[in-house]
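Open the model in your viewer and keep the selection tool ready. We will go stop by stop.

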Amino acid sequence: MKAVFSLNGALHTADVPAETLLTEYLRDDLGLTGTHIGCDTSQCGACNVLLDGQSAKACTLLVATLDGADVLTIEGLGSAEALHPMQ
């Protein structure tokens with residue numbers, strides 16, 4: 001499945017199997033390891049990202065459903081020169 005979305009402020013195109021979870025894609029395919037898989041039950045919140053400005057659990061989001069969305073991970077909150085307090 002193909003999805004085009006904003007990831008940390010940049011336009012991003014993902015071509016992945018339909019069942020690919022956002023946590024897997026971020027960590028395994030893109031090397032963005034700030035989004036953690038903590039509990040495997042979607043209870044802990046270690047995988048939280050901002051999806052269209054709202055908190056969402058990336059372990060329950062399919063990449064294929066993100067077409068047109070705005071996704072912000074912990075890596076996108078600040079920069080090396082000016083870290084965000086969450087970093």
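Two residues are in contact when heavy atoms lie within 4.5 Å. This is a predicted model: local features need pLDDT of at least 70, side-chain atom pairs count only at pLDDT 80 or more, and totals for chains, interfaces and linings use all residues. Residues are numbered from 1 along each chain as its sequence is written, and side-chain values use heavy atoms, leaving out hydrogens and water.

**Stop 1: Val 71.** Select Val 71. Which residues does Val 71 contact, leaving aside neighbours within four places in sequence? They are Phe 5, Ser 6, Leu 7, Asn 8, Leu 22, Val 49, Leu 50, Leu 51 and Leu 66.

**Stop 2: the core.** A nonpolar core is a set of buried Ala, Val, Leu, Ile, Met, Phe, Trp, Tyr and Cys residues joined through side-chain atoms within 4.5 Å. Buried means under 20% relative accessible area, exposed over 50%, partly exposed in between (1.4 Å probe, protein chains only). The largest core here has 19 residues. Among those touching the most other members are Phe 5, Leu 22 and Val 71. Strand E1 (2-7), helix H1 (22-29) and strand E3 (48-51) each give two or more residues to this core. Helices (H or I, at least four residues) and strands (E, at least two) are DSSP runs, numbered from the N terminus.

**Stop 3: H1.** Select Leu 22, Thr 23, Tyr 25 and Leu 26, the buried residues of H1. They pack against E1, strand E2 (10-15), E3 and strand E5 (70-72). Gly 31 follows H1, with a positive phi near 75 degrees.

**Stop 4: two loops.** Most residues other than glycine have a negative phi. Asn 8, between E1 and E2, has a positive phi near 55 degrees. Asp 52, in the loop between E3 and strand E4 (54-57), has a positive phi of about 50 degrees.
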